[in-house]
Amino acid sequence: MKIWVDADACPNVVKEILFRAAERLAVETTLVANQFLNTPPSKVISAVQVPAGFDVADNYIVQKSHPGDLIITADIPLASEVLEKGCHALNPRGEFYTPENIRQRLNMRDFMDQLRSSGIDTGGPGKLGQQDRQQFANQLDRFLAKHLRR
């Protein structure tokens, strides 16, 4: 199992949690972004810089990931695609995307896009708080404990 991170919009605090888990458990972790990323020196942590462009990082993750991999993303269409491949998807707030909830999330995303395109200010997601960070760390730990059994 490998961890893939949609890193362009991933909060730094979430990356730090991932770095610690990757080192502690020796889990190969790759950050993908269209900009340069600083990663700690590590045998298990790497970064891939893809060309700028719409969904280039997402497409890279979809192409390179394998069933059973964990994808960290807030991008709902990306989560939907990797779920179809048999991957797991976790957002930076510690919520897993599942085959049961992804359609509803896609519908809500499309609805909010329609509102924004008609000029309605829908705001954005709230700031990532301490509870969100703790939820992410807890979900990640539970997932890794379950999926890294030897």
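Author: A residue is called buried here when its relative accessible area is under 20%, exposed when that area is over 50%, and partly exposed in between. The model is predicted. In strand β2, T29, L31 and A33 point one way and T30 and V32 the other way, and all are buried.

Reader: What makes β2 largely enclosed?

Author: The count of its buried residues: 5 of the 5 residues of β2 are under the cut-off, so the strand is largely enclosed by the rest of the structure. In the chain as a whole, buried residues make up 39% of the 150 residues.

Reader: Why do the side chains of a regular strand point to two faces?

Author: Side chains in a regular strand alternate between the two faces of the sheet. Strand β1 can be read in this way too: I3 and V5 point one way, W4 and D6 point the other way, and all are buried.

Reader: What makes β3 and β6 edge strands?

Author: The open sheet has 6 strands in the order β3-β2-β1-β4-β5-β6, with mixed pairing. β3 (45–49) and β6 (96–97) each have a single partner strand, so one side of each is left without a neighbour in the sheet.

Reader: How do you know that helix α2 packs on the sheet?

Author: Contact means heavy atoms within 4.5 Å. Helix α2 (residues 56–64) touches β1, β2, β3 and β4 (70–72), and its direction makes about 165° with that of β1.

Reader: What makes a group of residues a nonpolar core, and which residues have the most contacts inside the largest one?

Author: Members must be buried residues of the nonpolar kinds, joined through side-chain atoms within 4.5 Å. The largest such core has 27 residues, and those with the most contacts inside it are I3, V5, L18, L70, I72, F136 and L140. At least two residues each come from β1, α1 (12–25), β2, β4 and α5 (130–147). Helix α1 gives the most, with 6 residues. Leaving aside neighbours within four places in sequence, the contacts of I3 include L18, L70, I72 and L144. A second, separate core has 16 residues, among them A57, I61, A79 and C87.

Reader: Why is A26 called exposed?

Author: Its relative accessibility is 55%, and the cut-off is over 50%, so A26 counts as exposed. A26 is found in the loop between α1 and β2. Its phi is near 55°, a positive value in a residue other than glycine.

Reader: Is D55 buried, exposed or partly exposed, and what makes it so?

Author: D55 has a relative accessible area of 30%, which lies between the cut-offs of 20% and 50%, so D55 is partly exposed. D55 lies in the loop between β3 and α2, and has a positive phi of about 60° although it is not a glycine.

Note on methods: Residues numbered from 1 in each chain as written. Predicted model: local features only at pLDDT ≥ 70, side-chain atom pairs only at ≥ 80, totals over all residues. Heavy atoms only, no water. Buried < 20%, exposed > 50% of the residue type's maximum accessible area, 1.4 Å probe, protein only. Pairing = 2+ DSSP bridges. Helix = DSSP H or I, 4+ residues; strand = E, 2+ residues; numbered from the N terminus. Axes fitted to C-alpha atoms, helices over the stretch in contact; angles between N-to-C directions.
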